[in-house]
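Q: Hi! I've got a structure open here and would like to talk it through with you. Could we start with how some of the strands pair up?

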Amino acid sequence: MPGETYRRPSDDVHPPRDFPGYRGTALRHPRQPLVIVPQTLSELTGPVYGHASVADADRDLTTRGHAPPIGERIIVEGRVLDEDGKPVRDTLVELWQANAAGRYAHRVDRHDAPLDPNFTGAGRALTDAAGCYRFVTIKPGAYPWLNHSNAWRPAHIHFSLWGPSFLTRLVTQMYFPGDPLLALDPIYNSVPDPRGRERLLAKFDLSLTQPEWALGYHFDLVVRGRHATPMERQHG
Amino acid sequence: MAELTPFQTVGPFFAICLGEPGRAELATNGALGRRIIIEGTVFDGSGALVPDALVEIWQANAAGRYAHPEDEQEKPIDPNFSGYGRAPTDDAGHFEIETIMPGRVPGPDDSLQAPHLLLGILARGILTRLVTRMYFEDEPSTKEDPILALVPARRRETLLARRVRDGVYHFDLRLQGDGETVFFDV
């Protein structure tokens, strides 16, 4: 039998599907209500990755080219946990970002800023037994977008992970503390709960910093947890 | 206790990490089962195609077993079939999935589900992932599927892939408006 079902998030955790401040949502959100369905074996299972496909080098974005990429080298480290605080081990964490000038190595990015031949901006890592991951990269730059007049995205790093099931899928963005663009960004501010927005901010962590080499940031990712097992209910 | 990390949009540049447009190939050499191709287009609320969506697929193998430790059914695992794929749309909003016809898996209360694919949809303009299911119009058990039965009858056909010819199915995703695809809260 599969494990217990997953708890449903409260309404203020994730952004609403229709968020007028972010113009892109206008024609891309369903108008009909979502249909509530039970969690079956299909949802309680999900993609499992083989260790063989991930190399250690994949988590260092600064050693791909002939020379180091331009920019401020940073270490981004954290844990993947579920809502009960249990580590999510052996899950693939994928990350992508703009370069230090605020430009993505993607054909549809037309921002007038230089590409860096030594920076692809993509990496991946598996979490260890304690749910920990670690990347070495450079701090991405802010960049303009066409959402509204003089719109700029705050510096951010995209994260993607699956966790143990189809229901624990998480795609999000990590931001940097103290960025003045955060208050102006509709994507960041689409998260209804201010505490939720705070959870999208990396924490500067001097203990992760490597002296004479790179600054360190801490960012935890928390995915859906399960309902208590009957046994726990009995004793809880 | 820990608090959930909120979703954010996958944005327009995910291809540099999650994959360039192209057919999602779930049925690698040697995968057991009837080979099928599912092709379709993603449309927005104005009827315009969506060239920057990512369709993620999760399905059982031909025997109706998931390649996952929590599926403990006594059915064979297929070492050549993971059940997972990613199909980013191309400039024409088109996606293509090459896979095998999934078997039936258990549903609620000792029921049996009809063959289906779980789909997750991510894109610029989608802040929180959309989740849906795809069923097969020409599969007799589709009519008695316990999850499809929870969908208002007039909207069920938005979840049915239409047989184009032998082994080829057509399935469009409409994010909004006329014929809007049913999305689930699960």
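Q: Which way do β3(A) and β8(A) run, and how many bridges join them?
A: They run antiparallel, and 5 bridges join β3(A) to β8(A). One residue pair to click on is L95(A), which stands opposite F159(A) in β8(A). Do keep in mind that this is a predicted model.

Q: Thanks! How many bridges join β3(A) to β4(A)?
A: Again 5 bridges, and β3(A) and β4(A) run antiparallel. Strand β4 of chain A covers residues 122-126. Within that strand, A122(A) is the bridge partner of W96(A).

Q: And how many residues of β3(A) are buried?
A: 5 of the 6 residues of β3(A) are buried, so this strand is largely enclosed by the rest of the structure.

Q: How about β2(A), which way does it pair with β5(A)?
A: In the antiparallel sense, over 7 bridges. Strand β2 of chain A spans residues 73-82 and β5 of chain A spans 132-138. For a landmark, find I75(A), whose bridge partner in β5(A) is V136(A).

Q: What about β2(A) and β11(A), parallel or antiparallel?
A: Parallel, with 4 bridges between β2(A) and β11(A), the latter being residues 215-218. There, I74(A) stands opposite L215(A).

Q: And β2(A) with β12(A), how many bridges?
A: 3 bridges join β2(A) to β12(A), and these two run parallel. The bridge partner of D82(A) in β12(A) is V223(A).

Q: Switching topic: what is the average pLDDT of chain A?
A: Chain A averages a pLDDT of 94, and 95% of its residues score at least 70. Over residues 232-236 of chain A, though, the pLDDT is below 50. That stretch has 2 contacts in the model beyond near neighbours in sequence.

Q: Good to know. How many residues of chain A are in contact with chain B?
A: 66 residues of chain A are in contact with 56 residues of chain B. On the chain A side, the elements giving two or more residues are β1 (35-36), α1 (41-44), β3 (92-97), β8 (156-161), β9 (170-175) and β12 (221-223). By residue type, that side divides into 34 nonpolar, 21 polar and 11 charged.

Q: Which strand of chain B does β1(A) pair with?
A: β1(A) pairs with β11 of chain B, residues 184-185, in the parallel sense over 2 bridges. If you want to see it, I36(A) stands opposite D185(B) in that strand.

Q: Nice. So what is the secondary structure of chain B?
A: It comes to 1 helix and 11 strands. Along the sequence of chain B, the pattern is α-β-β-β-β-β-β-β-β-β-β-β.

Q: How does the radius of gyration of chain B agree with a compact globule, and what box do its C-alpha atoms fill?
A: For 186 residues a compact globule would have a radius of gyration near 16 Å, and chain B has 16 Å, which agrees. The C-alpha atoms of chain B fill a box of roughly 45 × 40 × 35 Å along the principal axes. As for burial, 48% of the 186 residues of chain B count as buried. Among contacts in chain B between residues at least 6 apart in sequence, 69% join residues at least 24 apart.

Q: Which residues touch the most other members of the largest nonpolar core?
A: I57(B) and I121(B) do, in a core of 107 residues. Strand β6 of chain B, residues 116-123, gives the most to this core, with 6 residues.

Q: And what does I121(B) touch?
A: Leaving out residues up to four places away in sequence, I121(B) touches A53(B), V55(B), I126(B), R129(B), L130(B) and L173(B).

Q: One more region: where is E4(A), and what does it touch?
A: E4(A) is in the segment before β1 of chain A. Not counting residues up to four places away in sequence, E4(A) touches R226(A), H227(A) and T229(A). With 16 other C-beta atoms within 10 Å, E4(A) is partly exposed.

Q: And where is P16(A)?
A: P16(A) is also placed in the segment before β1 of chain A. P16(A) counts as partly exposed because it has 16 C-beta neighbours inside 10 Å. P16(A) and S190(A) are 174 residues apart in sequence and 7.1 Å apart in space, C-alpha to C-alpha.

How values were computed. Residues are numbered from 1 along each chain as its sequence is written. Chains are lettered from A and ligands numbered from 1 in the order in which they are written. This is a predicted model: local features need pLDDT of at least 70, side-chain atom pairs count only at pLDDT 80 or more; totals for chains, interfaces and linings use all residues. pLDDT is the predictor's confidence in each residue, from 0 to 100. Two residues are in contact if their C-beta atoms, placed from the backbone, lie within 7 Å. The radius of gyration is taken over C-alpha atoms; the globule rule is 2.2 Å times the number of residues to the power 0.38. A residue is buried if 20 or more other C-beta atoms lie within 10 Å of its own, exposed if 12 or fewer, and partly exposed in between; C-beta atoms are placed from the backbone. Ala, Val, Leu, Ile, Met, Phe, Trp, Tyr, Cys and Pro count as nonpolar, Asp, Glu, Lys and Arg as charged, and the others, Gly among them, as polar. Two strands pair if DSSP finds at least two bridges between them. A nonpolar core is a set of buried Ala, Val, Leu, Ile, Met, Phe, Trp, Tyr and Cys residues joined through C-beta atoms within 7 Å.
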